[in-house]
Amino acid sequence: MSTQEIIQQFEPKQHNLLHILHALQDAHPENYITEEALEAAAGHLGVTKSTVYGVARYYTMFSLKPRGKHIIRVCASPVCELLHVNDIIAALEEELSIKTGETTKDGLFTLELSECLGQCQEAPSMMINDKIFNNLTSARIREVIQSFKDEARK
Amino acid sequence: MNKQVTITIDNQKITAPEGANLLQVAKDNQVAIPHLCYHKKLTPTGACRLCIVKIEGQRGMVASCAVLVSEGMQVTAFDDELEEARKYLLDYLLSEHNEAFDGSYSDEFRELVHAYGLDKAENRRFPSIWKELGYPKDETSPVLSYDAAKCIKCFRCIKACDEVQGKNVLSFTNRGIISYIIGGFDKWGESECDGCGECIQLCPTGAIVEKPHRGEIHMDNGIRKVRTTCPYCGVGCQLELLVQDGKVVRSNGVEGVSPNDGRLCVKGRFGYDYVNHPDRLTKPLIKKDGKFEEASWDEALDLVANKFSEIKQKYGRKALAGYASAKTTNEDNYLFMKLVRTVFGNNNVDYCTRLCHASTVTAMLRSLGDGAGSNSIEDYETSDCMLVTGNNMIETHPVTATFVKYAAQRRDAKIIIIDPKWTPLVKDAHIWLQPRLGTDVALLNGMIRVIVEEDLIDRDFIEKRVEDGMEAYEALKALVGKYTPEYVEEVTGVPADLMQEAARIYAKAERPLIATGMGYSQQVTGTHNVFCLINMMLITGQIGREGAGLNPPRGQNNVQGVSDVGASPFTYPGYISVEDEENRRKVAKVWGVAPEELDGEKGLSTVEIMQAAYDGDIKGMYIMGENPMLTDPNLNHTEESIRKLEFLVVQDIFHTETTPYADVILPATAFAESEGTYVNSDRRVLRVRKAVGPPGEARQDWEIVAEIARRMGKPLGNYQHESDIWDEIARTAPIFAGISYDRLEHHGIQWPCPDKDHPGTATLFEERFNTPNGLGKLHPVDYAEQSERATDAYPLILNTGRILYQYHSSTMSRRNKALTDFANEAYVLMHPGDAENQGIINGQKVKIISRRGEIEDIVVKVSEEVLPGELFMPFHYSEAPVNKLTRDELDPYSKIAPFKLSAVKIEA
């Protein structure tokens with residue numbers, strides 16, 4: 001679907017802005033919202049550019065920069081932190097050869113931090129796209145990442 | 001509603017209206033509670049918390065900006081605990097703040113920091129952390145810079161843009177401590193910002209500051225502030241000019257006074273640099289052997305006086321004529337008019353109003369007896385319905401438009417736009433009717449028929465206030481009978497249901513205003529268009545009270561005033577006819593001349609003067625501050641006419657397209673170098689004050705005019721100061737009788753003001769119209785097809801108009817970098833369908849040809865702003881003189897030229 005086709009699915013009411021931004025981001029192969037898309041959304045809703053941009057920048061789940069195919073969000077809230085999520089983050093950074101906030105060269109993964117994922121009983125936790133991974137260990141990290149890489153190779 | 005209550009602040013008893021804002025009440029009573037985020041013009045934010053107070057019966061400290069006063073309220077504004085809390089809050093803000101200060105702006109935050117002793121590091125408890133926060137600077141705007149490290153996130157700029165200017169261009173980005181203000185996608189220069197600078201004016205720190213002259217300005221180093229009136233459009237915004245080293249270096253809006261209450265547009269705030277431009281004329285110039293040579297004033301003035309006298313002697317007194325100027329003061333124009341009438345000895349004096357609102361004024365004079373706007377600018381904010389006809393007010397009267405947008409955005413007023421071209425106000429409009437060019441009479445007659453058919457008329461009003469009452473109405477009713485919705489849709493292209501809804505909303509509204517512009521006036525049927533508006537207004541009784549009436553916003557700073565002081569071929573100061581014996585006697589008495597010396601025959605109008613020059617009847621001409629070689633219609637004809645003159649004097653501040661044809665050029669002063677008054681669109685007489693000296697030997701216009709008269713042997717009077725001239729105007733024109741300079745010190749006064757104790761008149765026609773019998777008059781008029789229409793040879797219809805960033809022939813506006821940075825290139829708008837048909841792409845340069853002339857190298861902007869078959873071009877640019885294409889076939893009543901409709905063809 002083109003940007004306009006996505007946007008035209010929504011009534012031109014300002015309360016639809018978040019839905020439109022999600023739809024635009026999800027439809028982009030690089031998991032982000034382009035400036036052209038932001039402009040089209042502003043035009044559709046009859047609001048100024050900064051209104052749309054301010055909202056998109058307020059929420060961490062929106063990105064205005066290209067990202068990988070898979071978005072890894074590691075929980076950085078207190079319970080996970082008590083259970084050594086920093087080791088998990090280090091393991092991910094090593095496994096993916098990137099720093100937090102970056103995207104792998106092959107465009108497969110982006111590593112981000114997140115507020116509490118609500119999985120404290122099985123912390124530390126992370127999400128990859130819409131899927132939750134709990135009770136993380138460095139070994140489990142390597143396993144999970146490998147499974148995504150294998151899938152990509154198919 | 002406005003019940004008065006008594007409250008106590010720190011033991012001081014204060015009376016205030018119930019429900020008033022506590023912080024504002026305190027401020028108004030000299031209790032200076034510190035605050036940063038609050039501003040009188042904005043809704044309270046409660047972000048800075050500095051305005052905390054204690055209120056008996058309420059827990060803790062509350063932000064006084066968010067409290068409404070009620071009877072018996074006991075307030076503590078200052079005690080040790082409150083002061084300690086304020087200091088803590090300031091200290092906290094300071095830790096995230098870059099304190100570097102270059103002295104180029106006023107800084108409320110810095111003043112408070114000093115007042116609380118926090119400028120000394122030892123008094124602070126928080127370390128400075130702003131450097132670690134990575135705040136950006138945005139320098140992308142042509143007119144302002146934003147420094148997030150100096151921003152305290154008080155919301156004032158966001159609200160200034162949204163609530164005051166109705167633009168909502170600014171927003172926050174990010175969250176928490178690293179949030180900051182953005183325009184557009186974090187690039188101010190690529191946002192919708194149009195540079196009005198309201199955000200700068202309301203910023204309490206140095207976060208948003210003007211770019212021009214920033215490096216030179218030192219606020220505490222001998223800066224003078226001079227209050228005056230803006231030299232651009234007819235809103236009459238009150239400016240405070242900052243003068244340093246004899247040069248205007250900044251312009252702010254004056255808060256708290258009408259008409260603008262501190263608001264400005266980009267021209268008012270950034271358009272003053274032309275005053276100090278090196279191109280200014282500084283010495284009289286005399287053409288010798290085809291070349292201009294500098295001359296002394298004596299030499300130039302003697303030559304002018306001798307030549308004019310010679311022409312008068314040789315060809316008779318009708319052989320001379322003058323163009324007055326809508327840009328100069330009332331005093332300048334009054335003396336100019338007096339020179340033409342008493343020294344030239346005829347009534348051949350006119351000015352650009354003939355090219356602008358003459359038709360509106362003619363229709364209003366015939367129907368209502370006054371040609372000026374009937375309401376105050378404030379009414380635009382409180383009206384519940386605005387019918388905006390042929391009026392791109394966001395670009396032409398940006399500050400008036402802020403009131404209109406406020407009404408639409410915050411008071412649910414319904415805006416109805418009639419315009420063949422899209423204008424930015426359409427975004428706020430309830431209905432946009434888009435008739436084909438030249439079909440307005442049919443559209444309005446259709447609306448009147450709806451009102452008649454649905455019985456939405458005001459019988460009582462018609463019977464009491466309209467000449468011949470219901471009989472006249474029946475005649476109108478009979479005429480509009482054939483304008484059925486189907487017929488009107490066929491002629492105009494406007495969907496019948498939209499036209500019907502618009503008519504109903506207007507007729508049923510409580511306080512409907514009509515704001516009519518050039519789109520209605522600059523047509524062959526200009527007077528008819530406005531007759532139709534007045535017909536509709538009179539049968540619905542929608543005039544003669546606050547918020548209801550007819551208003552033509554005037555295009556230039558003093559168009560209104562120049563008419564008012566009588567620079568017209570038909571009327572003396574105060575709209576009294578030159579053809580009336582009794583008037584002539586009265587005026588002659590004030591002027592101390594014999595009545596028979598005043599010509600009892602009306603003079604020639606702007607375009608007629610040029611035609612008479614062409615025919616050899618006018619031999620000598622005096623042009624003050626006008627540029628007919630760019631702004632008159634059918635320029636090729638104008639050029640031939642001007643060339644035929646034996647002697648032409650042009651008085652201006654720059655060389656213009658007209659000066660090359662002059663025999664003598666006289667250098668005049670610009671607005672910031674002049675004293676006097678202007679009259680704005682809502683009839684407000686406003687003071688103009690001298691802020692800086694003139695360049696070189698330039699003189700104020702009236703002094704030059706008076707010298708020429710003296711040297712022609714007929715002195716105009718003994719004037720020591722501009723106020724002497726004004727006092728004579730007040731003696732001549734009854735509408736100004738009660739106005740004097742001392743009354744204009746702080747506020748303008750709206751005419752008519754018949755005596756010294758009269759407060760001025762906000763609303764016209766409340767009791768009676770200004771016609772001889774006091775009644776309004778209906779003028780039923782039929783739609784007639786235009787003589788100029790699209791043909792196979794000239795298949796497109798060209799419309800012309802203005803843009804926000806340029807002004808008139810752009811001799812002033814184009815000499816400001818800030819304005820040309822925004823817009824500096826001519827273009828023609830073309831509908832995508834037409835572009836495709838003609839194989840023209842966006843950005844391509846074309847030639848445009850009409851039956852009268854052609855212009856080349858015009859960039860096409862493909863745009864849905866215009867209808868298929870129609871084009872639009874701004875007229876400001878001398879390299880793209882669109883008036884080579886326009887017609888001088890005049891509206892028979894007002895002699896206005898149809899700038900809005902020319903058949904053309906395009907060649908790639």
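**Notebook: domains, core and chain contact**

I began with the domain assignment of chain B, which lists domain 1 (4-78), domain 2 (133-272), domain 3 (285-356 + 558-750), domain 4 (368-551) and domain 5 (796-907). I note at the outset that the model is predicted. I then looked up the spacing of two of these domains: the C-alpha centres of domain 1 and domain 4 of chain B are separated by 44 Å.

Next I turned to chain B as a whole. I recorded 28 helices and 36 strands in chain B. Along the principal axes, its C-alpha atoms fill a box of roughly 85 × 70 × 65 Å. I compared the radius of gyration with the globule rule: chain B has 29 Å, which agrees with a compact globule, because a globule of 908 residues would have a value near 29 Å. I found that 58% of the 908 residues of chain B count as buried. For contacts in chain B between residues at least 6 apart in sequence, I noted that 72% join residues at least 24 apart.

I then examined the nonpolar cores. Which residues touch the most other members of the largest nonpolar core? In this core of 269 residues, they are A:Ala41, B:Cys157, B:Leu339, B:Met386, B:Val404, B:Met447 and B:Ile451.

I looked at one sheet in chain B. Three strands form this open sheet in the order 6-7-10, with antiparallel pairing. Its edge strands are strand 6 (137-138) and strand 10 (208-210), each of which pairs on one side only. Strand 7 (residues 144-147) of chain B is joined to strand 10 of chain B by three bridges. Here I located B:Tyr146, which stands opposite B:Ile208 in strand 10 of chain B.

Lastly I considered chain A. Chain A is divided into domain 1 (3-58) and domain 2 (70-153), and I noted that the C-alpha centres of these domains of chain A lie 28 Å apart. How many residues of chain A are in contact with chain B? I found eleven, in contact with 16 residues of chain B. Helix 3 (35-45) and helix 4 (49-58) of chain A are the elements that give two or more residues to this side of chain A. Helix 4 of chain A gives the most, with seven residues. I recorded the residues on this side of chain A as three nonpolar, five polar and three charged.

Technical notes: Residues are numbered from 1 along each chain as its sequence is written. Chains are lettered from A and ligands numbered from 1 in the order in which they are written. This is a predicted model: local features need pLDDT of at least 70, side-chain atom pairs count only at pLDDT 80 or more; totals for chains, interfaces and linings use all residues. A nonpolar core is a set of buried Ala, Val, Leu, Ile, Met, Phe, Trp, Tyr and Cys residues joined through C-beta atoms within 7 Å. A residue is buried if 20 or more other C-beta atoms lie within 10 Å of its own, exposed if 12 or fewer, and partly exposed in between; C-beta atoms are placed from the backbone. Two strands pair if DSSP finds at least two bridges between them. Helices (H or I, at least four residues) and strands (E, at least two) are DSSP runs, numbered from the N terminus. Domain bounds come from an automatic or database domain assignment. Two residues are in contact if their C-beta atoms, placed from the backbone, lie within 7 Å. Ala, Val, Leu, Ile, Met, Phe, Trp, Tyr, Cys and Pro count as nonpolar, Asp, Glu, Lys and Arg as charged, and the others, Gly among them, as polar. The radius of gyration is taken over C-alpha atoms; the globule rule is 2.2 Å times the number of residues to the power 0.38.
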